[in-house]
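Here is a friendly briefing to read alongside the structure.

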Amino acid sequence: MAEEKVLNNEAAPVQYDDAAEQAAYLEKRKKQHEEDFQKPFDPEAILEVRHLRKTFPIKKTMMGKVTRELVAVDDISFKLMPGETLGIVGESGCGKTTAGRAILKLHQPTAGQIIFDGKDITNYKSKDMRQIRKEMQIIFQDPYSSLPPRSTVGGILSEPVEVHKIVPKDQIKSYVLELMDKCGLRDYYYERYPHEFSGGQRQRICIARALSVNPKLVICDEPVSALDVSIQAQIINLLKDLQRQMNLAYVFISHDLSVVKFISDKIGVMYLGGMMEFGTKEDIFKNPLHPYTKALFSAVPNPDPTAKMERIKLQGDIPSPANPPKGCRFHTRCPYATEKCKHVVPEYREYEPGHFAACHLLDEE
Amino acid sequence: MAEKTNKGYLTGKEIRAITKANAKEMKRLEAYKNRKAEESEFLSEMKDPKNILEIEDLHTFFFTEQGTVKAVNGVSYDVPKNSVVGVVGESGCGKSVTSMSVMRLIQGPAGQIVDGSIRFNAYDYKRNEKGEPIPKAGGKEGEFEMEEKIYDIAKMPIHEIHRIRGKQIAMIFQEPMTSLNPVFTIGEQLDEVTLIHVPGATKELAKAKSEEMLRLVGIIPENVYNAFPHELSGGMRQRVMIAMALAAEPRLIIADEPTTALDVTIQAQILDLLQDIKTKIDGSILLITHDLGVIAEMADYVVVMYAGKVIEKGTVFEIFQDPKHPYTIGLQKSKPTMTLDDSTELYNIPGNVPNPINMPDHCYFKERCAKCTAKCSGDYPGMIQVSPTHFVACHLYDEENENG
Amino acid sequence: MEELKNEEVQSKIVDTEEPLDKNIKLMSPTRMVVRRFFRSRLSIVGLIMVVGLFLFSFVGPLLVADTTADYSDDTKWGEIELDESGKTEYATATATYTVDGVEYTVRQTTEKYLKDNLRATPSKEHLLGTDNEGYDVFVRLMYGGRISLIVSFIAVFLITIIGVVMGGIAGYFGGAIDNVIMRVCDILMCLPGVPILLIISTILDASDIDAKYRIYLLMIYLTFISWPGTARLVRGQILSLREQEFMVAAEAMGYSTGRKIFKHLVPNVMPQLIVQMTLSLGSMILYEATLSYLNLGVKAPYAAWGTMINIISTNEAVLQNHWYIWVPAGVCIVIAVLGFNFVGDGLRDAMDPKGRR
């Protein structure tokens with residue numbers, strides 16, 4: 001199929017004007033964004049992200065004007081319902097962590113809209129944000145650096161409760177102990193310091209801290225990547241359990257496809273800052289549309305020695321996000337790339353209900 | 001090891017006692033490590049001539065102030081010629097310490113090989129009485145008489161280890177970001193390997209060799225030879241690391257989590273490369289990883305380690321299709337896979353790895369084991385053979401063995 | 001395995017596991033630091049030196065010196081009390097000359113009566129003798145220690161406060177503020193310390209300032225040019241801590257800026273800060289001694305270690321014959337500086353066990 005297309009292209013070469021294509025694309029994108037920003041908020045969704053973009057300056061002039069920037073997250077949109085899990089997968093440098101932090105406004109988004117619980121929080125000041133913080137929390141990848149080294153577990157867990165006045169002062173300890181029990185931590189851990197614990201237990205403490213303020217949304221930024229397999233399973237089960245009990249919505253960021261598949265309801269596949277494909281778990285795993293998704297799936301080693309499957313091998317390395325390729329950002333490694341892919345940015349479109357992708361190949365079918 | 005006070009702290013007195021005992025033990029082992037010895041002292045015989053490496057009853061301990069950490073506590077496994085042996089286990093199970101012991105890279109004086117033997121079938125220079133290599137009659141410069149020798153690495157004095165380290169056995173580390181020296185170019189670092197390990201090697205020879213190695217790992221030398229490590233991506237650096245490992249033509253490559261820091265698509269490339277290399281150099285690979293998927297894809301034989309001991313070993317098919325030890329079974333079930341039905345809860349092994357200092361006398365896995373029986377409170381189970389190549393250390397299979 | 005539900009396993013295991021890991025308890029970070037500190041012999045030696053000096057300087061005078069203003073106690077000596085008991089000093093001069101091939105030697109002895117008991121050798125009355133002016137060396141040694149220690153503590157305290165505030169602001173807020181503060185630091189670090197010190201000292205000499213207080217003014221100046229070091233340290237620490245995930249977690253928790261700085265950042269900067277403070281105590285003592293030695297700091301009749309050593313520069317005979325007047329002061333300076341450095345090094349090793357060789 002792919003080879004045919006390449007042949008067709010060679011037969012009738014199309015000349016692409018990069019500058020014109022780029023201008024047309026930007027114009028179209030701007031119009032679309034303005035249109036989308038005016039749309040009413042979905043009252044049911046806990047989180048709605050519209051065309052989120054985050055750039056970091058690389059080079060500045062003396063006057064502080066940015067001359068070169070790194071586009072960490074480029075135009076991602078999705079909706080998340082309460083009690084649902086959205087998995088974001090991608091390789092290193094794809095901007096998944098930045099996306100997670102931009103949603104929490106730990107990084108101020110460059111453009112786009114973040115609608116949390118019916119409120120547009122994109123331009124909230126840090127004072128207003130502080131009130132909202134208790135409803136959206138984050139769990140980090142590294143359980144070693146994410147706990148303050150000089151506080152006891154009890155101190156770490158009661159501080160947010162105290163600050164946000166979740167329960168009256170005299171009930172804080174019992175509240176924290178109950179929370180610890182819920183997260184599988186023993187009561188005598190209360191007096192201990194983080195350095196006494198293994199990675200898995202520390203991650204439980206992090207989870208307990210995030211849940212201490214009764215959030216509605218938790219961003220899980222690679223929460224199990226640093227853990228051993230048997231501990232990973234414990235933490236994933238714990239997260240699933242807590243989700244059922246507290247009706248939490250998760251944004252689960254990971255590079256491990258099998259983990260994402262296990263925990264998510266919806267999945268977004270990111271590459272170099274852009275969303276390549278988005279859909280429900282069934283859509284993505286049973287019927288992947290984008291060649292990158294397919295390649296990503298086939299690269300995961302299968303723990304079954306008999307099943308030696310044929311791989312879609314990706315050549316080369318991931319380009320630097322500071323200098324992304326023109327056209328489709330995946331074309332440098334795509335086995336099916338055509339001339340068009342090198343020049344024209346593919347549109348991110350809905351191909352099936354709720355199943356989005358951005359690839360030229362899909363349009364031609 | 002030491003009595004605990006009510007609060008669970010070690011008292012100063014206890015710590016002093018431990019420190020004193022440790023100092024004595026460490027001094028003895030350091031002296032043994034630095035002794036002068038005749039070659040005959042560390043020559044040995046292979047149990048099975050088909051093996052390239054035999055580790056037998058290896059004990060590597062770390063002497064700390066809290067007590068002795070038995071990181072490797074009686075580990076035995078073999079690496080046959082032309083095969084990939086995968087060692088799998090969770091962090092702290094001693095899989096890396098075993099490989100570091102093979103390379104004699106354990107950091108002294110706290111870390112010491114206490115007991116056991118590591119026999120390695122080396123293809124080394126034939127040496128005259130003075131211990132110098134004998135040049136090959138009629139050969140080119142840099143060619144010497146060679147012969148097969150079996151060294152017992154655990155008994156080798158540390159200053160003799162250069163015969164093996166980096167030359168006969170090469171190592172690939174997990175962190176491609178930190179394993180290369182940032183101030184030298186790739187070419188300089190590659191050349192160095194040849195210059196060190198080949199007696200009489202010239203710069204031209206080294207460069208030719210380096211370029212050959214880079215080509216072998218799928219890199220065009222012109223682009224990379226003069227580059228600095230920071231100019232390369234993680235995958236490229238790992239390729240360079242592999243090229244460095246190959247430069248001295250080793251018979252065994254120890255790959256310690258070679259793909260853990262890499263992305264899946266790059267991991268797939270590196271794993272392919274390793275398979276490819278193995279056939280090209282006609283050597284063996286000792287692959288250490290925690291990723292069962294990687295093991296299943298790469299290994300011929302699998303060794304499962306837990307808390308410093310081997311609990312199961314066998315061929316890859318035996319381990320993945322007919323696992324015997326409850327830990328191996330649990331490990332495989334707790335890993336979510338791409339094909340797994342995810343409506344159910346993930347199986348998990350409860351609890352944590354026991355504290356490495358106060359190891360119980362009974363099976364270390366007893367506290368976390370779903371199948372444990374009264375017998376498990378007894379002695380640590382021995383290795384039981386369930387098939388010619390499949391061994392397991394679990395009391396559940398005691399009877400089967402006695403009957404049949 | 002399938003029959004056994006996960007939860008059952010879990011509950012069964014909880015009971016067996018509890019005693020196992022309940023036993024293994026580690027210490028709090030502070031206790032660990034204290035323990036490691038006391039394990040090193042050198043830091044204990046340092047601590048003994050420092051504590052000894054403190055007792056010597058602050059408790060000593062209460063026991064052996066006359067602390068009353070009019071020096072009424074006959075058996076004890078005060079800081080600026082002269083031994084006016086009088087002394088006869090004999091000086092012998094020898095001359096040789098030849099007359100008609102015969103050699104004559106003439107020995108002349110002069111008897112000199114002095115009002116004060118100068119340069120007395122150590123005795124029961126004056127444990128280390130008296131100095132050039134007739135002051136008791138031992139008593140002045142103790143008072144000199146007071147000045148040195150107080151002055152250096154004040155200076156270090158001020159340096160730390162200014163350094164933490166400036167460094168903290170620069171590191172936490174970054175951007176233009178950071179730029180301004182760091183450039184100020186750069187400029188201050190360019191200033192040549194000693195020449196300016198000489199100028200200030202001359203100005204102080206010209207103006208009517210009590211000799212007692214001029215050393216404090218000089219130390220304030222030293223503080224002023226020394227805080228950039230601490231500010232840089234704090235800024236660097238905060239910059240690296242700010243990137244740590246627990247700070248991001250604190251941000252995500254919605255803590256106020258004050259809480260983030262004082263409850264999360266500062267406690268983590270403390271270890272490095274304490275080490276820095278201890279080490280700079282030693283250098284401040286040296287500074288003070290240098291100033292006093294150059295006659296810029298504490299002036300007679302008040303005692304300081306540096307001033308006491310300064311005697312040798314005015315009277316060579318003291319350097320040769322009366323070691324007990326100036327050597328003890330030098331020993332005190334060495335003990336103080338070494339002691340603080342040992343303690344500082346010990347603390348650093350204790351706080352960062354990985355840093356040890």
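## Helix packing, a sheet and chain contacts

In chain C, helix α9 (residues 257-293) packs against helix α10 (residues 305-314) at an angle of about 40°, and their axes are 7 Å apart. Please keep in mind that this is a predicted model.

- From α9(C), the residues involved are C:Glu288, C:Ala289, C:Thr290, C:Leu291, C:Ser292 and C:Tyr293. They meet C:Trp305, C:Gly306, C:Thr307, C:Ile309 and C:Asn310 of α10(C).
- Sorted by class, the contact of α9(C) with α10(C) comprises five nonpolar, five polar and one charged residues.

**A helix pair in chain B, and confidence**

- Helix α3 (residues 186-197) and helix α6 (residues 234-247) of chain B cross at roughly 20°, and their axes come within 8 Å.
- That angle makes α3(B) roughly parallel to α6(B).
- The crossing of α3(B) and α6(B) is right-handed.
- On the α3(B) side, the contact is made by B:Ile186, B:Gln189, B:Leu190, B:Val193 and B:Thr194. On the α6(B) side, B:Val240, B:Ala243, B:Met244 and B:Ala247 take part.
- The contact of α3(B) with α6(B) has seven nonpolar residues, two polar and no charged.
- Chain B has a mean pLDDT of 84, with 93% of its residues at 70 or more.
- Residues 1-7 of chain B have pLDDT below 50, and this stretch has twelve contacts in the model beyond near neighbours in sequence. Where pLDDT is low, the predicted coordinates should not be read in detail.

**The sheet in chain A**

- An open sheet of chain A is formed by four strands in the order β2-β1-β4-β5, with antiparallel pairing.
- At the edges are β2 (66-80) and β5 (119-120) of chain A; each has a single partner strand, so one side of each is left without a neighbour in the sheet.
- Strand β1 (residues 47-60) of chain A runs antiparallel to β2(A), and eleven bridges join the two.
- Across that pairing, A:Leu52 stands opposite A:Ile76 in β2(A).
- Helix α3 (residues 96-103) of chain A packs on the sheet and touches β1, β2 and β4 (111-116) of chain A. The direction of α3(A) makes about 115° with that of β1(A).

**Where chain A touches chain B**

- The contact involves 32 residues of chain A and 37 residues of chain B.
- On the chain A side, α8 (229-246), α9 (257-263) and α11 (291-299) each supply at least two residues.
- The most comes from α8(A), which gives six residues to the side of chain A that touches chain B.
- That side of chain A divides into 16 nonpolar, nine polar and seven charged residues.

**Where chain A touches chain C**

- Here 22 residues of chain A are in contact with 17 residues of chain C.
- From chain A, α4 (126-133), β6 (136-139) and α5 (153-163) each supply at least two residues of the side that touches chain C.
- The largest share of that side, three residues, comes from α4(A).
- By class, the side of chain A that touches chain C has twelve nonpolar, four polar and six charged residues.

Notes: Residues numbered from 1 in each chain as written. Chains lettered and ligands numbered in written order. Predicted model: local features only at pLDDT ≥ 70, side-chain atom pairs only at ≥ 80, totals over all residues. Contact = placed C-beta atoms within 7 Å. Nonpolar A, V, L, I, M, F, W, Y, C, P; charged D, E, K, R; others polar. Axes fitted to C-alpha atoms, helices over the stretch in contact; angles between N-to-C directions. Pairing = 2+ DSSP bridges. Parallel < 35°, antiparallel > 145°, perpendicular 65-115°, else oblique. Left-handed = near helix turned anticlockwise from the far one by under 90°. pLDDT = per-residue confidence, 0-100.
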